[in-house]
Amino acid sequence: MSTTAAKRGAGRPLKNYTSFGQSVRNSLTMAYRGLLKIRRTPEQLFDVTLQPILFTLMFTYIFGGAISGSVSDYLPVIIPGILVQTVISTSIVTGVQLREDMEKGVFDRFKSLPIARIAPLAGALLADTVRYAIATLLTFVMGYIMGYHPDGGLGYVAIAGVLVIACSWAVSWIFAFFGVIARTASSVQGISMIVLFPLTFLSNAFVPVDTMPGWLQWFVNINPISHLVTAVRELANTGTVGPDLAISLIGAAVIVAVFAPLTVRAYMRRT
Amino acid sequence: MAARYGNAEAEKDGGWAVEARGLVKTFGDNRAVDGVDLNVRAGSIYGVLGPNGAGKTTTIRMLATLLRMDGGSARIFGYDVEKEPQIVRQLIGVTGQYASVDESLSATENLVIFSRLLGLGRAEARRKAAELLEEFGLTEAAKRPLKQFSGGMRRRLDLAASLIAQPPLIFLDEPTTGLDPRTRAQMWNTIRRLVKTGSTVLLTTQYLDEADQLADRIAVIDRGRVVAEGTVDELKASVGNSLLHLRIEDQGDIREARRIVEQVLQVRSSASAEAGKITAPMAETGRVTDLLIALRGAGIHLAEISVQKPTLDEVFLAITGHGVKENESPESEKSNVAEVASV
Ligand SMILES: Nc1ncnc2c1ncn2[C@@H]1O[C@H](COP(=O)(O)OP(=O)(O)OP(=O)(O)O)[C@@H](O)[C@H]1O
Ligand SMILES: [Mg+2]
């Protein structure tokens with residue numbers, strides 16, 4: 001019986017699993033699809049372009065004097081903070097769009113194709129790193145225009161940027177998970193904001209930790225976002241690699257290790 | 001019967017492209033599919049006919065690994081749908097009821113991406129896309145975003161996307177709904193051509209006419225159950241090539257009139273909800289004369305008589321004892337004509 005079937009299967013042997021290589025290839029193809037979609041609907045990029053520009057301007061000029069005495073002194077503090085906050089919150093969009101996308105008929109076709117089950121998810125997430133890259137670039141450029149000249153130099157700034165993009169990609173698996181399990185796109189937005197808002201604001205992103213009450217300091221200091229912000233500050237401002245970099249990367253790896261399988265399983269259960 | 005592809009091997013395996021046993025799917029307490037059996041021979045066109053909400057789409061989605069079944073089992077070319085879904089996916093192409101192509105991309109981009117996902121190389125994928133667009137008459141619109149496509153174009157692209165890997169089994173869920181007559185005829189030709197090249201096609205439709213034109217065998221589904229199954233001819237014979245409608249002047253005569261109709265035509269009739277109306281299948285229109293004579297002999301006066309081709313509604317009325325539109329309220333009067341399933 002298998003020969004019957006194999007005969008039409010374009011000469012490929014039939015197997016009931018997908019190899020790692022195929023999973024990677026499928027994911028890259030799906031990422032290519034994501035990029036094409038972004039190119040076709042550039043208005044999707046509105047948020048990633050506007051938010052860094054707006055937030056950087058607002059926060060710097062509003063808090064600069066109060067927190068650091070002057071805008072120029074505040075820039076090395078706020079730019080890494082804004083960067084992390086902006087890019088991480090951009091990853092919410094990933095979850096929302098995934099939810100919207102999954103409702104479209106084309107996902108039925110993806111499900112009916114003999115491709116790796118993880119590919120439609122991994123591809124979408126991978127394509128969205130383009131958004132993070134745009135947000136990262138714009139934040140640094142805005143900072144530069146306002147007078148932020150990080151001492152770490154271009155190389156370390158680039159490393160800091162890549163770090164933030166990588167961590168945002170990891171975090172986007174959390175929102176992808178919500179995207180898969182939630183019933184509507186707007187509820188994904190809602191849940192994600194509730195998770196993200198405290199995480200980004202209860203951190204050292206905008207203000208020095210030592211002005212906060214003790215119990216809050218405790219949370220702020222264990223908050224992974226704080227570690228990421230510190231890592232970025234060290235890289236960009238002084239060109240040093242500290243323990244916070246390691247903590248951030250480990251945190252990112254843990255998130256992916258937990259949420260990627262959860263998300264894929266939830267995605268498959270929906271079928 | 002003609003298992004046109006992989007003949008020897010297919011025959012050894014019974015030649016079944018699809019074997020489904022007791023498929024069940026429940027949504028809440030709605031048994032959308034309630035014990036459906038389907039057997040589709042390799043190399044044939046199989047039609048699943050049924051009204052809105054009958055469970056056609058749900059059945060196809062379960063067979064195509066898109067929906068988990070709650071009961072029963074299904075095999076595609078001998079491979080279990082639940083245990084070996086990834087193999088099954090390598091053997092099928094699915095064109096869903098609603099366009100399963102990417103709205104935000106162009107036709108070429110869609111086909112290239114699906115081709116790449118199916119393992120074709122970059123150049124090969126481009127060539128395949130161009131080839132399919134040509135075949136389906138979409139070359140001119142290839143670069144336009146799908147948002148500007150008409151329903152028919154979208155449908156064709158959808159089908160083209162299902163054919164990239166030349167799958168031996170193709171599911172088509174209402175492939176011609178919403179198409180104009182010319183496009184429908186084109187789609188029919190495409191489907192026939194597919195089967196000529198060795199594919200098996202399982203399609204659903206709401207039109208008896210379409211099943212008639214295309215399908216070698218038909219299953220009629222209603223409320224999640226197969227209510228009749230057979231070749232087109234068998235099904236037609238059960239409903240009659242044409243349907244006789246009678247209206248009796250005096251309602252009191254209806255019992256006697258039905259007896260005469262059944263006796264003369266050698267079929268079972270049904271009395272419809274409308275007062276004094278009798279419907280019966282007819283194999284030969286010539287019998288009508290005999291019937292009229294017999295009725296006059298019995299002193300039964302007719303208000304109206306007509307002989308018509310059966311519509312889907314009437315097929316349903318005949319087979320299930322209730323019409324398509326009133327399928328929410330099962331009629332107590334069961335005058336089943338069709339016992340085709342056992343033929
Ligand atoms: N995802 C779902 N959730 C809940 N109920 C569903 C779902 N999909 C289908 N149903 C129900 O299952 C039944 C069968 O639906 P299905 O789509 O299979 O019918 P169909 O024969 O394809 O009808 P149509 O001709 O309108 O396409 C319907 O009563 C429908 O309301
Ligand atoms: Mg349907």
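What follows is a short tour of the interface and some salt bridges.

This is a predicted model, in which local features need pLDDT of at least 70 and side-chain atom pairs count only at pLDDT 80 or more, while totals for chains, interfaces and linings use all residues. Residues are numbered from 1 along each chain as its sequence is written, chains are lettered from A and ligands numbered from 1 in the order in which they are written, and side-chain values use heavy atoms, leaving out hydrogens and water.

Start with the contact (heavy atoms within 4.5 Å), to which chain A brings 38 residues and chain B 49 residues. Across this interface there are five salt bridges, each a side-chain nitrogen of Lys or Arg within 4 Å of a carboxyl oxygen of Asp or Glu. One of them pairs B:R61 with A:D108, with the closest N and O atoms 2.6 Å apart. B:R61 lies in helix α2 of chain B and A:D108 in helix α5 of chain A, so this pair joins two chains; helices here are DSSP runs of H or I, at least four residues, numbered from the N terminus.

Now look inside chain A, where A:R33 and A:D101 meet in a salt bridge at 3.0 Å, N to O. A:R33 sits in helix α2 and A:D101 in helix α4, so the pair ties together parts 68 residues apart in sequence. A:R33 is buried at 3% relative accessibility, and A:D101 is buried at 5%; buried means under 20% relative accessible area, with a 1.4 Å probe and protein chains only. Through shared partners, salt bridges join A:R33, A:K37, A:D101, A:K104 and B:D102 into one network.

Technical notes:
Buried < 20%, exposed > 50% of the residue type's maximum accessible area, 1.4 Å probe, protein only.
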